[in-house]
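Please open the model in your viewer and keep the selection panel at hand. We will go from the whole chain to single residues.

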Amino acid sequence: MKTRLGCLSNKSDSYSDFSEFLPPAHETTARCLKLSTDEVVRWSESFDLLLSHKHGLAAFRTFLKTEFSDENIEFWMACEDYKKIKSSAKLMSKGSKIYKEFIDVQAPREVNIDCRTRERTRQSLEDPSPTSLNEVQAKVYSLMEKDSYPRFLRSKMYQDIVNRTHAHNQRRSV
């Protein structure tokens, strides 16, 4: 029990695996990632900018994992993939999978939505279209934008990314 509580008490800034999207301390090849301080700072301008940037999305996902709420971004990403499906059979299959994993009451990775939205989504998925998950996706997006995103921007993790990219880019320009 103490081990579990200790893990939870350290969750807010207990990150260790965000280095995958940061420039390495010693850049030796052209293949190394070039992430500018301006790009990282731009993530703070809007939630859309953060999610549209490959490394911003990776950083945000890592942050949500430290807060034990990564089901929200995983659900949002599953909805983005769902929208691209053309086949009605695949829409039915993928929609059912998403519903069971994220939306259904007692789903293993249940997102926080109201019962009316849950029921409308269930009905919409009976005859699925690429827009069947739009309402519930918008609600989860809004929750992340208003709650998780501001915490991400205030987090030690984000500040470290800004500082490390700034220091890295300073060294490169010398």
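Predicted model: local features only at pLDDT ≥ 70, side-chain atom pairs only at ≥ 80, totals over all residues.

Residues are numbered from 1 along each chain as its sequence is written, and side-chain values use heavy atoms, with hydrogens and water left out.

Of the 174 residues, 41% count as buried, where buried means under 20% relative accessible area, exposed over 50% and partly exposed in between, with a 1.4 Å probe and protein chains only.

Next, select helix α8, residues 134-154. At 1.5 Å a residue, its 21 residues should span 30 Å, and the end C-alpha atoms are 29 Å apart, which agrees; the expected span is 1.5 Å times one less than the number of residues. Look along α8 to E145, where the helix bends by about 40°, the bend being the angle between axes fitted to the seven residues ending there and the seven starting there. Among the buried residues of α8 are V136, Q137, V140 and F152.

Now show the side chains of W43, F60, F75, I103 and F152, which touch the most other members of the largest nonpolar core, a set of 38 residues. Such a core consists of buried Ala, Val, Leu, Ile, Met, Phe, Trp, Tyr and Cys residues joined through side-chain atoms within 4.5 Å. The largest share of this core, seven residues, comes from α8. Centre the view on F75: not counting residues up to four places away in sequence, F75 touches I98, F102, I103, V111, V136, Q137 and V140, contact meaning heavy atoms within 4.5 Å.

Finally, visit two loops. Select F68 in the loop between α4 and α5; its phi is near 55°, a positive value in a residue other than glycine, and at 45% relative accessibility F68 counts as partly exposed. Then select Q106 in the loop between α6 and α7, which has a positive phi of about 70° although it is not a glycine; Q106 is exposed, with a relative accessible area of 68%.

Definitions and conventions. Helix = DSSP H or I, 4+ residues; strand = E, 2+ residues; numbered from the N terminus.
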